[in-house]
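Welcome, and take your time with the view that follows. The paragraphs after it lead you through the model one part at a time.

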Amino acid sequence: MFKIVRYSFQDLLRSRWSYVYFAFYLLLGFVMLFLNHDLAKGVITLMNVIIILVPLIATIFGVMYYYSSREFTALLLAQPIRRSRIFLGQYLGVAGSLSLSLVLGLGLPFVLYGLFRSPAIWDFVLLLVTGVFLNLIFTALAFLVALSNDNRIKGFGYAVLLWLFLAVVYDGIFLLSLILFEEYPLDSFALGATLLNPIDLSRTLILLKLDISALLGYTGAVFKAFFGTSLGMLVSLGVLGLWTAAPVAALVRKARHKDF
Amino acid sequence: MKPLTLLLFLLCLPGPARAQVLEVCASCPLPTVAAGLEQAAPYDTVWVRSGVYRESGLRIEKPLTLMGEAGAVIDGEHQGEIMQVASDSVSVLGLHLRNVGVSYTQDHAALRVIKSKYFRLENLKLEGLFFGIYLEKSSQGQVCNNQILGDAKEEFNSGNGIQLWYCQDVEVSGNTVHRVRDGIYLEFSDRIQIAGNISSGNVRYGLHFMFSNHDTYTNNLFEDNGAGVAVMFSKDIEMVGNTFRKNWGTASFGLLLKEINDARIAGNRFEENTVGISIEGSNRIEYLNNDFRANGWAIKVRGACYTNLFSGNNFMHNSFDVSYNSKVNDNRFEGNYWSAYSGYDLDRNGYGDVPHRPVKLFSYIVNRTPETLVLLRSPFMDLIDFSERVSPVFTPDNLLDPEPLIRPRP
Amino acid sequence: MIEITNLHKRFGKNTVLSGVNLSLQEPGIHAVLGPNGSGKTTLIKSILGMVCPDQGSISIGGQPTGGQWLYRKDLGYLPQIAEFPGNLKVGELFRMIEDLRQQPAAPEPLVERFGLQPFLNKKLSTLSGGTRQKVNLVLTFMFEPPVYILDEPTTGLDPGALIALKELIRTRVGSGALFLITTHIMPLVEEMAQSVIYLLEGKVYFEGSLKTLYTLTGKTHVEPAIAAIAARHHV
């Protein structure tokens, strides 16, 4: 499998998109720090970018790569290689190169601005960890959608809709249910609804790390009591891990029974 | 002024009637402060040499100057109050008072001034407190450059650093108050000048006004308090050039205004507070040229507030700039800088060409259902905020800054 | 070597294979004939494991292939349309496949034979259709598996390359390989095939040697012979 990862990775390193992506993050990091000069503020602004753009880019890139590497896939399918390895390999190649672009692209400017001497380093590390998770999750979802749809346009549409749902629509429903049921204690509900969506979970993890919990009143205290402990952190990372594992498992299952 | 130069200066003064200096030290003829005070004639100076004096319940009943050498400590050993001043024209300088008795029935203070005028409390250091300096029905005095360090943990069993009760025309300046209940507390006290103090780490408020009018506080720093400054049921208060920082906690704020009329709040900095200014039932207040940075809410308006003016303020990177819980607006926003402003300035006159609406729909929703705040910074919220900004439905229609600044006021 | 029993496959509402039985034991060239949409490519892809049959089984060398992957070591597959990752160079592609298959490969003589030396450092996306087909051929023939599956191998080949391909096939047959070839070029079948499999609407209508085909139909060429078989069944 690692050969496939390597070849996918090499393939991506040659395509200009990885560099565009890398350059985008690099530019973003520098501009952010140039405008702010404050690493801690930079982390907050970056969070907005990470929770919206990372999933979107991973979705688009994953779908694009899947469809454009159909030839490669066809070539591999006739070789003595396990099917699951082919798709896992390609998936890891894409998710890996996206994550590398993210970590290096954002990491370099921050390191140059003295990240290692800044107390913001752990916030930044958490930001990157959730960013990498979002990459893994949304690339897997994109692969899954693309694998289920041979029609490129449809696959692209469904993948973007899925992103839209998790990034925007979900919160709309979340908000509506909070308002509709405002008579009831909502803290556990809010906590559960946050855990169920990887984008919300990432956002909350970072916000709480940045100590915005004080704004949240009692709910904030409940959240802080949950996410603030190392157990809560472990659960959150576990949920993110689950969010990664589930689509990957579905991907492998789907790949096993698909006709090419 | 250093105590010694001050001493020399005092010695050169032509005293009203053969002013003397009485020395107090362990091996002196006057081994205790109480003895010194007893012996002293009006307008004498009692000079306390370095050393620890285990005394409490001291009472000054004649005009005099009580001065401590560096290292002069009066230790109350937790026996009630350490010292009371009950005469006009008393100065207490350079002493270190510690270990006040804690009581649940009486407000013991390290130093209490009762019905006195022309007092001066300067360069004192107070530690091991219940109440620190307690001014009672006194006027025309100064409380300057003192250090008050408490160890308060809860509100109910701690006292205030500097308390003024029915006082007039007192200057409170250059003091440092740390870890008490209220750093400085004013009740029924008028024309008080509070300047250049640092009030930090206090359990309740950095500075607290109740029923006090015509007071001024300028250039103070309020940092990391349970809440910064509370101004309640008072009028005509000047608040200028103060810094309110890191008053961060669920019910915390930089400045609370409750039933305040005719005040001026200018040139202050509000940084990283949960709420910058929380306003309830306060009218005719001018908010000018303040800086609001990185607060949860810069301004939270609750209840009826009329005819207030917000002008020339910088609102930068607050989670919410202005929060309103009513649909009626009678307040004006003019020429402020809003980092959230997304307009443009085509005629390059320094003011945005389209008005700015500082109240987000999200803040309106949060007022209604506080739990929705878990959706802070969600893209969905940005989206509905945007649509509300384009065509307001829920927020007051006339609540806008018609000419927002394009660049922050320096 | 290849044993197919009762193979069924539907794509949605389309039945593509309905009960294909085949037994190919002899080394040599077996031509799969049939009109477009008769299920040739699906049959081939089923053997390769790229299509999962709904029913029936396939075994190669006595081993069932369902869910397996290692047996593809014994298969050389030439797809109908040569699709390659466009970013790779020709030489890299050869090395990559060699690396992935973990089998000894000898691309050099083939590269020479098909005149591909000038293209080794070109990206695959820049190649013409004919050249791609040659690359495709090198990929298939650079290993020496016992079974070859060629889907329309002559597409886009110039006469020289065609002659080289025929020689190559003959040599491999000589060393005991089995070829399964789909093609529309009947003279090629007449020239080279030992046996013919005629597939129509997902069923095998004829399986046997050329000679049997001729005697059965009384024709002397493949084209009219299979036309006769098709006609007979449709009456």
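Two strands are said to pair if DSSP finds at least two bridges between them. The elements themselves are DSSP runs, numbered from the N terminus: helices are H or I runs of at least four residues, and strands are E runs of at least two. What you see is a predicted model, in which local features need pLDDT of at least 70, side-chain atom pairs count only at pLDDT 80 or more, and totals for chains, interfaces and linings use all residues. Residues are numbered from 1 along each chain as its sequence is written, while chains are lettered from A and ligands numbered from 1 in the order in which they are written.

Strand β1 (residues 2–11) of chain C pairs with strand β2 (residues 14–24) of chain C in the antiparallel sense, over eight bridges. Arg10(C) stands opposite Thr15(C) in β2(C). Together β1(C) and β2(C) make a hairpin with two residues between them, and Gly12(C) in the turn has a positive phi of about 60 degrees.

Further along chain C, look for Ala105(C), in the loop between α2 and α3 (107–113) of chain C. Ala105(C) has 18 C-beta neighbours inside 10 Å, so it counts as partly exposed. Two residues are in contact if their C-beta atoms, placed from the backbone, lie within 7 Å. Leaving aside residues up to four places away in sequence, Ala105(C) touches Glu98(C), Met142(C) and Phe143(C). The C-alpha atoms of Ala105(C) and Gly19(C), 86 residues apart along the chain, are separated by 37 Å.

Now turn to chain A. Its secondary structure comes to eleven helices and zero strands. The radius of gyration of chain A, taken over C-alpha atoms, is 19 Å, close to the 18 Å that the globule rule gives for 260 residues, so chain A is as compact as a globular protein of that length. That rule is 2.2 Å times the number of residues to the power 0.38. Along the principal axes, the C-alpha atoms of chain A fill a box of roughly 60 × 45 × 30 Å. Buried residues make up 48% of the 260 residues in chain A.

How confident is the predictor here? Its confidence in each residue is the pLDDT, from 0 to 100. Chain A has a mean pLDDT of 85, and 93% of its residues reach 70 or more. Among the elements of chain A, helix α7 (residues 152–180) has the highest mean pLDDT (93) and helix α10 (residues 217–227) the lowest (70).

In chain B, pick out helix α3 (residues 361–368), where Phe362(B), Ser363(B), Tyr364(B), Ile365(B) and Val366(B) are buried. Their cover includes β37 (320–324) and α4 (379–390) of chain B.

Finally, see how the chains meet. Of the two pairs of chains in contact, chains A and B share the most contacts. There, 21 residues of chain B are in contact with 28 residues of chain A. The contact of chain C with chain A takes 20 residues from each of these chains. The largest share of the side of chain C, five residues, comes from α2(C). Chain B and chain C do not touch, and their nearest C-alpha atoms are 37 Å apart.

Methods:
A residue is buried if 20 or more other C-beta atoms lie within 10 Å of its own, exposed if 12 or fewer, and partly exposed in between; C-beta atoms are placed from the backbone. pLDDT is the predictor's confidence in each residue, from 0 to 100.
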